[in-house]
Amino acid sequence: DLRVIAAARAIGAGDAIVANVEDSEVEIAILREGVPAVIRHVAMTAKDDDTWRDQLAAELARTLKFYADSQRDDRVVPSLPISLVGGAARRAILAEQIAASTGYRVAMPPLRATVAPEDQGVRYAANIGLARKEVAA
């Protein structure tokens, strides 16, 4: 599984916008009824925080625009938040640019498992999703 698909499984929502964010890369997925409609992998080339957040916001906006342009009748996805998970999710949640450039809310979603310490759950969302794979299958 791609990490973003495993992370989406850990979130447990059939309809979701998920960004598995790491310092050097981001995987973005838009899921409808549990099926990936769009998946993108982007290398994060920016190093300083401001430029990194700008790049992340631009890539999310580009992905969401592509989806909106190709699925004009979809009324569900525009109402969903962007769920940030992964090792750099806490760094990304501080990016006010994301909501401003995409027009979407940004959230750190609850997961379908308990992780201690609780504030570290989003870091391990992909691992939780992989562990749930056999349960979900």
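This is a predicted model: local features need pLDDT of at least 70, side-chain atom pairs count only at pLDDT 80 or more; totals for chains, interfaces and linings use all residues.
Which residue just after H1 takes a positive phi? I looked, and Gly 12 is the one, with phi at about 85°.

**Helix H1**

H1 covers residues 3-11 and is mostly covered, with 8 of its 9 residues buried. I listed the buried set: Val 4, Ile 5, Ala 6, Ala 7, Ala 8, Arg 9, Ala 10 and Ile 11.

**Glu 33**

Next I checked a positive phi in a residue other than glycine: Glu 33 has phi near 50°. I found Glu 33 in the loop that runs between strand S2 (25-32) and strand S3 (35-43). Buried or exposed, I wondered about Glu 33? Its relative accessible area is 68%, and since the cut-off for exposed is over 50%, Glu 33 counts as exposed.

**Arg 72**

I then went to the loop between helix H2 (49-70) and strand S4 (82-85), where Arg 72 sits. Arg 72 is exposed too, at a relative accessible area of 60%.

**Rings**

Last, the aromatics. How many aromatic pairs does the structure hold? I got 0. A charge over a ring did turn up, though: Arg 91 lies over the face of Trp 52, 4.0 Å from the ring centre.

Definitions and conventions. Residues are numbered from 1 along each chain as its sequence is written. Side-chain values use heavy atoms; hydrogens and water are left out. Rings of Phe, Tyr and Trp (its six-membered ring) pair if their centres lie within 6.5 Å; planes under 30 degrees apart count as stacked, over 60 as edge-to-face and the rest as tilted. A charge sits over a ring if NZ of Lys or CZ of Arg is within 6 Å of the ring centre and within 35 degrees of the ring normal. Helices (H or I, at least four residues) and strands (E, at least two) are DSSP runs, numbered from the N terminus. Buried means under 20% relative accessible area, exposed over 50%, partly exposed in between (1.4 Å probe, protein chains only).
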